[in-house]
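Subject: Structure for you to look at, with notes

Dear colleague,

I am passing on the structure we spoke of, and I would be glad if you would look it over with the notes that come after it.

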Amino acid sequence: MHGERDRLRSNDPKPPAKCGDTITSDPLVTSHHLGSHRRQSDPAREPGIGDRSLRLQRCLHTIKQSAGLRPNDEVIYDNGDVTGKLNGDEIGNLYDEH
Amino acid sequence: MSTDPRALPVTYAAIVFKGEHLDPGLVSAIMERAPTLSYRRGDTYSVKGREQERRFGLWVYSTRNLVASGSLKKHLEALEIAILGLRSAWSEKRWLKMKALVEDQGVELRIDVFWYGPAHAEFPRISLSFQHLIDEAGGTIQTDFHRDEDATQVA
């Protein structure tokens, strides 16, 4: 619901992603964003290997919540770095959250 | 690539208290449970090696690792028990203390609800009774709902 409000920017390469590899369905992301290494999934908790969008949304939800933001607060994620749009504070990194 | 639809939906919910001078220990005492995450104003945290200070206090109690169910209803029931437990006869004072936090001390109370379901699925409904409970407590409900495959489309 809110994913479309979160903007992605920059095309700089980034090390292999953990949950960051969830951003691949975004048309603005080029292939060099995609890490070949993925975090090991916990079969008991992860629904499958194709859940990139799910992981992204869960990461964003966790990062926003941890930073005290509301789920519908806009953020910018730039190669994994997540920044609150309102105050410009960097609030987390998609590669650190899972 | 989409998520295996048999594994969806994934859902959880959380009680969140946030306030400039929020004392997480006080909230834990009132709620009679330990938070999933908490910090107070002035606590330090690190972003890219730079230490920064928290500008407010936060207390979060999430069902994510507590309730193993794809039913949002089950998760909200867990939160309802956490809150309604405050409203038994013997704990009326605690209920009032929680309301006082929100109404007198300017603490924000909200329920964050995460739901990620199959493409074309209907978003879940939050019962009127739960909405009424949170409303009565002075809080709000914030939904974060997504469907598979359409969640990361950029406008």
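This is a predicted model: local features need pLDDT of at least 70, side-chain atom pairs count only at pLDDT 80 or more; totals for chains, interfaces and linings use all residues.

Chain A comprises one helix and four strands, which follow one another along the sequence as β-α-β-β-β. Of the 98 residues in chain A, 41% are buried, and 48% of the contacts between residues at least 6 apart in sequence join residues at least 24 apart. Chain B has four helices and seven strands, arranged along the sequence as β-α-β-β-β-β-α-α-β-α-β. Buried residues account for 34% of the 155 residues in chain B, and among its contacts with a separation of 6 or more, 70% are between residues 24 or more positions apart.

Together with helix 4 (residues 128-136) of chain B, strands 6 and 7 of chain B make a right-handed β-α-β unit.

The largest nonpolar core has 34 residues, and those with the most contacts inside it are A13(B), A14(B), F17(B) and I111(B). Several elements of chain B each supply at least two residues of this core, among them helix 1 (24-31), strand 5 (57-62) and helix 3 (92-103), while the largest share, seven residues, comes from strand 1 of chain B. Leaving out residues up to four places away in sequence, I111(B) touches A13(B), A14(B), I15(B), L79(B), I134(B), G139(B), I141(B) and Q142(B). A second, separate core has nine residues, including L60(A), V75(A), Y77(A) and V82(A).

One of the residues touched by I111(B) is I141(B), which is found in strand 7 of chain B. The C-alpha atoms of I141(B) and R110(B) are separated by 5.6 Å, although the two residues are 31 residues apart along the chain.

Finally, helix 2 of chain B has 13 residues and reaches 18 Å from its first C-alpha to its last, close to the 18 Å expected at 1.5 Å a residue. Its buried residues are L72(B), H75(B), L76(B), L79(B) and I83(B), and they lie on the same side of helix 2 of chain B because they cover an arc of only 95° around the axis. In general, an α-helix has 3.6 residues a turn, so residues three or four places apart point the same way. What covers the buried residues of helix 2 of chain B includes strand 1, strand 6 and helix 4 of chain B.

With best wishes

Definitions and conventions: Residues are numbered from 1 along each chain as its sequence is written. Chains are lettered from A and ligands numbered from 1 in the order in which they are written. A crossover is right-handed if, with the strands pointing away from the viewer, the path from the first strand over the helix to the second runs clockwise. A nonpolar core is a set of buried Ala, Val, Leu, Ile, Met, Phe, Trp, Tyr and Cys residues joined through C-beta atoms within 7 Å. A residue is buried if 20 or more other C-beta atoms lie within 10 Å of its own, exposed if 12 or fewer, and partly exposed in between; C-beta atoms are placed from the backbone. Two residues are in contact if their C-beta atoms, placed from the backbone, lie within 7 Å. The expected span of a helix is 1.5 Å times one less than its number of residues. The arc is that of the directions from the helix axis to the C-beta atoms.
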